[in-house]
Amino acid sequence: MGNTTYFAIAGAALLALSCIRDKEASLPAREYVTEGTTVPSFLVPGAGDAVFRSPDDFEGRTTLLVFFATWCPDCQAELPRIDAVWQALADDPDCGVVAVSRGGAAGTYEQSPEILERYWTEHGLRMPWYLDGDRSVYDRFASAGIPRAYIVDATGTVVWKSAAPKFTAEEYLALLRQYR
């Protein structure tokens with residue numbers, strides 16, 4: 001069985017078994033961005049004065065785009081692996097990682113720069129984070145379910161996606177290299 005088939009089967013199985021459903025969502029998640037789709041235009045602010053601009057910042061690089069929230073248990077488990085991927089690619093001009101925190105209502109689902117900074121410090125994460133505080137960017141990709149990961153190729157096309165992935169850093173790196 002080839003890597004592509006393995007990852008497709010594994011992704012489908014994980015989606016069926018472990019996708020976190022938002023507590024406020026009673027219907028199954030809808031996918032708006034799928035394989036073969038051009039990544040939508042968006043802008044998200046990050047730590048310090050950083051800003052990520054799509055599609056421009058995807059151009060010329062194969063990128064792992066991950067939506068997460070610090071309150072999500074599956075995201076908490078996945079973020080150290082995503083951080084390890086970011087560290088492995090830190091000097092690679094052809095591949096990258098973009099981690100976007102999906103905000104929501106004040107209280108339980110809220111995400112803010114202060115919450116993200118505190119979480120990053122407490123968990124020793126080094127990759128940059130970006131904040132979709134009002135969830136307007138995430139809602140262009142799907143209706144529910146995090147963590148959610150996409151691989152965007154150098155042309156800005158989504159070539160792979162998964163809801164609630166549970167991959168090792170090495171598996172993510174293999175996927176990125178496959179689509180490079």
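Pro 147 sits in the loop between α4 and β6, where helices (H or I, at least four residues) and strands (E, at least two) are DSSP runs numbered from the N terminus. The peptide bond leading from Ile 146 into Pro 147 is cis, with omega near -5°. This is a predicted model, in which local features need pLDDT of at least 70, side-chain atom pairs count only at pLDDT 80 or more, and totals for chains, interfaces and linings use all residues. Residues are numbered from 1 along each chain as its sequence is written, and side-chain values use heavy atoms, with hydrogens and water left out.

Gly 145 belongs to the loop between α4 (138-141) and β6 (148-152). Gly 145 counts as buried because its relative accessibility is 0%; buried means under 20% relative accessible area, exposed over 50%, and partly exposed in between (1.4 Å probe, protein chains only). Between Gly 145 and Pro 28 there are 117 residues in sequence, and their C-alpha atoms are 8.9 Å apart in space.

Another cis peptide bond runs from Ser 54 to Pro 55, with omega near 10°. Pro 55 is in the loop between β2 (51-54) and β3 (62-68).

Two residues other than glycine have a positive phi.

| Residue | Phi | Loop | Relative accessible area |
|---|---|---|---|
| Ala 164 | about 55° | between β7 (158-163) and α5 (169-178) | 0% |
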